[in-house]
Amino acid sequence: MAQPTFELRNEHSVEALNLKVQSFVHRVTGAEHYHLLADNPENVFMVGFRTAPTDSTGVAHILEHTVLCGSRRFPVRDPFFMMLRRSLNTFMNAFTSSDWTAYPFASQNRKDYFNLLDVYLDAVFFPRLDELDFAQEGHRIEFSDPADSSSPLTIKGVVYNEMQGAMANPSSFLWEGLSEHLFPSATYRFNSGGDPEIIPLLTHAELKEFHRLNYHPSNAFFLTYGDLPAAELQEVFEERALKEFAKEPGAPFLVAPEKRLTAPIVVRQSFPAEALDTAENDDRSHVIMAWLLESENSLESLIEAHLLGSVLLDNSSSPLLDALETTTLGRAPSPLCGLDDDHKEMIFCCGLEGCAADSGLEVEELILTTLNKVAREGVPLEQVEAVLHQLELQRREIGGDGYPYGLQLLLAAFPAVVHNGSVVERLDIDPVLDKLRQKIKEPGYIPELLQRLILNNPHRVRLTMEPDSDLAPQREKALQARLRARLQALDSDQRQHLIERAATLTARQQEQDDPEILPCVGLADVPEKLPIPLGKEGEAQLPLTYYAAGTNGIVYQQVIFDLPELDSEMLDLLPDYSSCLTELGCNGLDYRQTQAWQAQVSGGIGAYYKLRGAIDDNSQVKGLFVISGRALSRNHEALTKLMRKTLESVRFDEVEYIREIMAQSLAHQEQQVTAAGHLLAMRAASAGCSSLAALGHRVHGLAGLKDLKKLYLKLADPKGAALAEFGRKLGLLHEIIMAAPRQFLLVAEDEREVGLTAELQSGWQGSVDLKAGFKDFSLAPEKSLVRQLWTTDTTVNFCAKAYPTVAIAHPDAAPLSVLGGFLRNGYLHRVIREEGGAYGGGAGHDPGSAAFRFYSYRDPRLGETLDDFDRSLIWLQEEKHEPRQVEEAILGVVSSIDKPGSPAGRAKQAFYDGLYGREPEFLRAYRSQVLAVTLADLQRVAETYLKPEIAGIAVLTDPKSAADNAETLGLEIIDL
């Protein structure tokens, strides 16, 4: 019998996570394999490499893109995106971090899993790395008219445009500036994603050499999760890749520790921003302090750093966060506040945004004074115990509602793999938590930890990042000067080469590769039945639904109120009310004491609302308001008391803190503008499609953000009465909601039902009016044609177009859902991303807002993209299409319907689906309709609903582009 190609080094059971960690090493190359064996059919794969950059050209990032553009066994132009639509995957992506690159996927289907494994292994170890793919995905110089050598030069490329968009966010400038000075000699001083000013310096030869050096099995690690045996996976690793490699001398390539600063440094830098009215005070600066922590590579030092960071910053009762929230030196705590443990050495950050440019020293004094006070006086033991309680709860919770749960575990273990730490330690933290429970009882433990990690640590940077309205124009002017000089230096042969390369690339982008080169799954591989959890009426005198789920010792409780019909003012107030309700004081306690109480007994409580139309009529709306909490099962009784006291005695008189909540909400939403601009543009374009869509734009979209800015200015006026009036209105809305009928939801293990139900019955006794719920209410129609250009600080565009359609029970809803994927797969991806250079683009149907929406993301074009949306509809009707294309689009929809979530998440989804008329029978019928969609259906619904004259248009762009395009496109300019 042949010797296994991988040697088992060790294995360890992690009882808290119900899995076994197995560690292997490849006998020939030294490649590592960590397998998390678990009773879970959603199997996850990830292959990663250490890819520490030596400059800011973005070589690792561009390589990540280019690797996925065809390989030895699969020589097609775009295997990654082709597999996205030929697969039942529950996750596919690739990541570039500061010092590693990884390629993960997940699937519940065994055939699909091994199909994807074949493609991923061939992609990373045997990519083609064609020069045209490098030009498309990375960067290239072209004439603005590709066939005219006398036209100006321009820079194109998917990653180039992606990073233009990423660096439009002030937080990105802040982080890059901080990294440059915290790591004056280490790899982290470089922008691993790529600095748009430096990306064009990267050559194709350098890209290929970076792959040769770094993408070798000796520098690779495989991480897998699920119920497939490790030996079966290793056979594929060997056969498809590893057998062709020998050990690489010098690998793996580890990052060296940073040389320590002997004294703190102070830095001032600028970020691009729009000019303000001269009458306004410019308080848009950021002031951040950061420490590079000691480099001891152990789990205990990691958890201790997290413990200290949470003691200082976890909630408003934490001393440092309280100081940052209550100071008048800035508008809100910096989004960078907290501990970063993704690097070889950890970083602790704290600071403010919305500061005056000259406030750096005052902010530093505030932070150091607060830290020194903690070092002298310590913090209450119960506060430290609450942090450990949070760590235990986070550890137990089974996720999966965003990334697959297995991928979450693999990513948590990844830093240990990259930096030669212990994967078992990263996943089995209970022994360290037990040790820390004893340590924290020593009165001097937290002060000593604070002194050692931060106060006595000279490796410190204070960075002030101030707005500069001249910076972006200066950079653009310098870029154009470089391009003009480059143009003048080109001889006739070089100009002809650019013309020929542009033509060759365009021809390549329009080629139709044979998709049958790639493996696939088909409709025959789709499971017949959609699994949906079933709840049952609880054995209580309260209206209770109980879902039994494998929640690993955590209970989820929700109180659900039927919303009455609210006037426009109260509807607009719902998001602010939801933000404030669970943050304010209650039960005679102030907000600091209440948040400390929350941390001691729960994993946090929150509030939100849902407004959804009837399945057959979006104008008939059912509204729900929900207060939600989770806790370890032993704390369920305490969670119930906390939730009841929050509802019955919330303090809307804490108006100063309400203002702080609004400031933080504004800061968070402003951060999302360039991060999620396509979603905001789609929401704006859809506003004319239905009353629910209009409300979504008004309260959660660009219009809502504009109104929130106005509200914050009113609340910030110390002479005005607006703050007290705002608190009064929140109280009025609370009274309306508290008078509404309510019901309860519990999600926990089956065996805990009797005890948890009794605790809920006792805790809420006497609080519930058992009268019938409210009827659905109507939202006044707000349909109007949207034609808008929204302006903000950005160097790329977010374009959207929307058409009014139908609710989910309409027979055309299923083909409309398939149409989005069909247009994206066959046309939009090619013209918007590959040819147009946008980071992303597509289309989809949103039955909740009764709108079909097109979008582009981080897009260098504007009018051309809007035209491409229209041309995709002509392509649909006039070109010949294969049945395979319809099947691929159907697979995409079914895969999203069938995507698993966390045990608690699936239960809650099923509960709310039932409340909104989406019973299991309805959802299964809708899924069957999706599976039966034909090409004729797609062409019919497009012709019926997607008529250009009724399309809403919204674009998020910069002021100059708006001015240049408004008249031509007939769009109104709105300054965000």
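# A walk through a buried interior

Thr370 counts as buried, since its relative accessibility is 13%, where buried means under 20% relative accessible area, exposed means over 50% and partly exposed lies in between (1.4 Å probe, protein chains only). The model is a predicted one, in which local features need pLDDT of at least 70 and side-chain atom pairs count only at pLDDT 80 or more, while totals for chains, interfaces and linings use all residues. Residues are numbered from 1 along each chain as its sequence is written, and side-chain values use heavy atoms, with hydrogens and water left out.

Thr370 belongs to helix α11 (residues 360-377); helices (H or I, at least four residues) and strands (E, at least two) are DSSP runs numbered from the N terminus. Once residues up to four places away in sequence are set aside, Thr370 touches Pro319, Leu320 and Ala323, a contact being heavy atoms within 4.5 Å.

Along the principal axes, the C-alpha atoms fill a box of roughly 80 × 75 × 65 Å. Of the 976 residues, 60% are buried, and among contacts with a separation of 6 or more, 82% come from residues 24 or more positions apart. The chain exposes about 38300 Å², of which carbon and sulfur atoms supply 50%, with accessible areas from the Shrake-Rupley method and a 1.4 Å probe, and with only the protein chains shown counting as cover for residues. There are 93 positive and 139 negative side chains, and the centres of the two sets lie 1 Å apart; Lys and Arg count as positive and Asp and Glu as negative, without His and the chain ends, and each charge is placed at NZ of Lys, CZ of Arg, CG of Asp or CD of Glu.

Strand β1 (residues 6-14) runs antiparallel to β2 and is joined to it by eight bridges, two strands being paired if DSSP finds at least two bridges between them. Within this pairing, Asn10 has Ser23 of β2 as its bridge partner. The two strands form a hairpin with four residues between them, and Asn18 in the turn has a positive phi of about 55°. Strand β2 (residues 19-26) is largely enclosed by the rest of the structure, because seven of its eight residues are buried. The pairing of β2 with strand β3 (residues 32-38) is likewise in the antiparallel sense, over seven bridges, and here Gln22 is partnered by His35 in β3. Five residues separate the strands of the β2 and β3 hairpin, where Gly30 takes a positive phi near 85°.

Strand β19 pairs with β21 (residues 617-632) in the antiparallel sense over nine bridges, Ile560 standing opposite Val626. Six bridges also join β19 to the antiparallel strand β22 (residues 742-748), in which Leu745 stands opposite Gln558.

Strand β21 also meets a helix. Helix α20 (residues 591-601) has eight of its eleven residues buried, so it is largely enclosed by the rest of the structure. Its buried residues, including Tyr591, Trp597 and Val601, pack against α10 (319-326), α12 (381-396), β20 (605-614), β21, α21 (636-649) and α22 (655-675).

Asp78, in the loop between α1 (59-67) and α2 (79-84), counts as buried at 8% relative accessibility. Apart from neighbours within four places in sequence, Asp78 is in contact with Leu68, Asp513, His829 and Glu834. Asp78 and Asp133 are 55 residues apart in sequence, and their C-alpha atoms are 9.5 Å apart in space. Gln136, in helix α4 (residues 131-137), is buried at 4% relative accessibility. With neighbours within four places left aside, Gln136 is in contact with Gly157, Val158, Leu505, Gln509 and Glu834.
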